[in-house]
Structure formats: structure tokens, C-alpha cells
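This report describes one protein chain.

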Amino acid sequence: KQMSTVSLCREQIQTFLLAYLDEDDILIGHSLENDLKALRLVHKNVVDTSVLFRAVNNGGRKYSLRHLSAALLKKQIQRHDAGGHCSEEDAQATLDLAV
């Protein structure tokens with residue numbers, strides 16, 4: 001049901017991204033491996049905040065972006081009363097964490 005409004009196929013998204021991404025560009029994201037696997041893309045310059053802030057004392061468990069934002073940035077994101085995920089808010093929090 002979530003995908004019922006999607007109008008682009010994976011190949012179209014790959015073409016779009018590859019037209020804008022240079023091999024020297026840096027991709028910044030949270031748990032990027034999931035997105036890159038789904039798109040079947042490989043990129044050599046990746047900053048992944050789920051890896052940067054992995055829990056050392058808890059078996060390498062990943063912290064959620066929501067948790068990292070609250071703990072490190074003192075910002076509440078992905079609030080259920082505000083509708084959950086907002087891609088712009090998630091992207092800004094990820095960038096703030098990476099920088």
C-alpha cells in the first residue's frame with residue numbers, strides 16, 4: 001500500500017542520482033546501507049551517522065536517528081504527534097550530526 005503512489009522505478013532513480021552525483025561527492029545519511037542496497041548502488045565516499053555513533057558497549061548496536069538527535073543535538077524529531085517522519089527534518093538532523 002505504501003508504494004501505491006510511487007511513479008518511478010529503481011532504474012529511473014539510479015539514472016537521476018548518477019546524473020547528479022560525482023564519484024568525489026560525499027553522501028551523508030543515516031543507515032545508508034539500506035538505501036544503497038535497495039538502489040543497487042555503490043559509492044566510495046559515505047558518511048553514515050548510524051556507523052559514526054554506533055554503541056561500543058552494547059554489541060555495536062545502532063542508535064536510531066531520533067535517539068541520536070535527542071541525545072546529541074537536544075532536538076526532538078520524528079514526533080508521533082507531528083506525524084512521524086519528515087524527510088527534510090531527518091536530513092537536517094543527519095547533516096547536523098555528521099558536521
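Which side chain meets that of K44 in a salt bridge? The partner is D24, at 3.9 Å from N to O; a salt bridge here is a side-chain nitrogen of Lys or Arg within 4 Å of a carboxyl oxygen of Asp or Glu.

## Basis of the model

The model is predicted, so local features need pLDDT of at least 70 and side-chain atom pairs count only at pLDDT 80 or more, while totals for chains, interfaces and linings use all residues. Residues are numbered from 1 along each chain as its sequence is written, and side-chain values use heavy atoms, with hydrogens and water left out.

## Overall fold

The protein has 5 helices and 2 strands, where helices (H or I, at least four residues) and strands (E, at least two) are DSSP runs numbered from the N terminus. The order of these elements from the N terminus is α-β-α-β-α-α-α. The C-alpha trace spans about 40 × 35 × 25 Å along its principal axes.

Of the 99 residues, 24% are buried; buried means under 20% relative accessible area, exposed over 50%, and partly exposed in between (1.4 Å probe, protein chains only). A contact is defined by heavy atoms within 4.5 Å. Among contacts between residues at least 6 apart in sequence, 33% join residues at least 24 apart.

## Salt bridges

A search of the whole structure gives 3 salt bridges. In the pair K44 and D24, K44 belongs to the loop between helix 2 (32-39) and strand 2 (46-48), and D24 to the loop between helix 1 (10-20) and strand 1 (27-29). These positions are 20 residues apart, and both residues are exposed.

A second salt bridge joins E33 and K62, with the closest N and O atoms 2.2 Å apart. This pair links helix 2, which holds E33, to the loop between helix 3 (49-52) and helix 4 (65-73), which holds K62, across 29 residues. E33 is partly exposed at a relative accessible area of 27%, and K62 is partly exposed at 29%.

K75 and D96 also form a salt bridge, their closest N and O atoms being 3.4 Å apart. K75 lies in the loop between helix 4 and helix 5 and D96 in helix 5, so the pair ties together parts that are 21 residues apart in sequence. K75 counts as partly exposed because its relative accessibility is 34%; D96, at 31%, also counts as partly exposed.

## Helix 4

Which residues of helix 4 are buried? They are L65, L68 and S69. Their arc around the axis is only 100 degrees, so they are on the same side of helix 4; the arc is that of the directions from the helix axis to the C-beta atoms. The cover over these buried residues includes helix 3 and helix 5. Just after helix 4, K74 has a positive phi of about 60 degrees.

## Surface

The protein exposes about 7,400 Å², and carbon and sulfur atoms supply 54% of that area. Accessible areas come from the Shrake-Rupley method with a 1.4 Å probe; for residues, only the protein chains shown count as cover.

I26, I28, L95 and V99 make a nonpolar surface patch of about 400 Å². Patches are made of residues with over 30% relative accessible area and no salt bridge; like charges are joined within 9 Å and nonpolar side chains (Val, Leu, Ile, Met, Phe, Trp, Tyr) within 5 Å. L95 lies in helix 5 (residues 87-98) and is partly exposed, with a relative accessible area of 36%.
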